[in-house]
Each structure stands twice: as C-alpha cells, then as structure tokens.
Amino acid sequence: MTRSPHPGTGESADLSAWITRPGAPETLAARMGIELLEASPERLVGTMPVAGNKQLYGMLHGGASVVLAETLGSIGAALHAGGGHIALGVDINATHHRPVRSGIVTGVATALALGPTSASYDVVITDEAGRRTCSARITVAPNTAQRMQRGRK
C-alpha cells in the first residue's frame, strides 16, 4: 500500500484504513469491499470482490465497476488537489466487456490530465486472469475552494 496524505487532513495514512476507519462516515467504497493497493495522483490501483457486488444474474454488477472506477479517480484527484482539498466527480462513462462471476477484480486508474480545475483518469478493470472486464473514463474537479471539515457528518 502506498502511503499518501489522505483527502481532508493532509496527514499521512493508509488510504484503505482511512476509508474504513472506525467512526468514519459510512462510505460506499467500504461497503463494497474496495481496497487500495497503490495511490498517487498519477496512478491508483484498487481491488473489489465480486461476491456481494453481483446483479440478479450472478455476475458483477456494472454499477459496481463504475463505483470502483469513480473511487479510484476521485481519490487520485483529491491527492492531486493537495491536503485538505476535495474532489467532485463531473463525468464518468464505462464500457463493460465481459462478465465476472467470482473472485476479485482489479482497477488501475492512470491520469490522463492533471490540471488546476480538472483531472481525468483512464480506468481499466480486469479479472483475476488479467482479462479486461471494464474500461472507464472519469473527469473530476479538484475543488480548491472547499475543504473537508473534520467531524462533519
């Protein structure tokens, strides 16, 4: 796990622990079992279990893949914006290539552009065999005018 300042405090912390820390506001990423393996403004890697994130037909829900992509892109943009700044999603699109019925999927988000008012990421999600299951692109606005407040619910 790459150690990086987590969004909202500027303190060094394990980002996976930050998402799931006791007393933290409930997050969708924690609920879906997303774990971050690497995190920097330029590249993020995270995993998500298929179990618990399936649609009615027993396959990974397409929306779950989008949640993984948005989580990676949003955290990357927040890291890009710097300590205490937040990032707000502007646009995301995804193409689903193949179904996944079990195991873990891995998302790799690579920065396409990191600017003062927007950050864009290409996200590739693969199954355990390394086959591409989803391609996504996300644009996020690093909001330097707003700062997250500690303890805010």
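Helices (H or I, at least four residues) and strands (E, at least two) are DSSP runs, numbered from the N terminus. The model is predicted: local features need pLDDT of at least 70, side-chain atom pairs count only at pLDDT 80 or more, and totals for chains, interfaces and linings use all residues. Residues are numbered from 1 along each chain as its sequence is written, and side-chain values use heavy atoms, with hydrogens and water left out.

The chain holds 3 helices and 8 strands. Their order from the N terminus is β-β-α-α-β-β-α-β-β-β-β. Of the 153 residues, 41% are buried (under 20% relative accessible area; exposed is over 50%, partly exposed in between; 1.4 Å probe, protein chains only). The accessible surface is about 7,900 Å², and carbon and sulfur atoms account for 52% of that surface (Shrake-Rupley method, 1.4 Å probe; for residues, only the protein chains shown count as cover). Contact means heavy atoms within 4.5 Å. Among contacts between residues at least 6 apart in sequence, 60% join residues at least 24 apart.

Helix H3 has 20 residues. Of these, 15 are buried, so H3 is largely enclosed by the rest of the structure. Just after H3, Gly82 adopts a positive phi of about 100°.

Thr47 sits in strand S4 (residues 43-49). Its relative accessibility is 14%, so Thr47 counts as buried. Beyond neighbours within four places in sequence, the contacts of Thr47 include Leu68, Ile104, Val105 and Thr106. Ala136 belongs to strand S8. At 3% relative accessibility, Ala136 is buried as well. Residues up to four places away aside, Ala136 touches Ala69, Asn93, Ala94, Tyr121, Asp122 and Val123.

Of its 13 lining residues, Leu60, Gly62, His96, Arg98 and Pro99 are the closest to the centre. A pocket is an open set of points on a 1 Å grid over the protein atoms alone, where a 1.4 Å probe fits, with protein on both sides within 12 Å along at least five of seven lines; lining residues have an atom within 4 Å of a point. Helix H3 (62-81) and strand S8 (132-147) each supply at least two lining residues.

Definitions and conventions:
Expected span 1.5 Å × (residues − 1).
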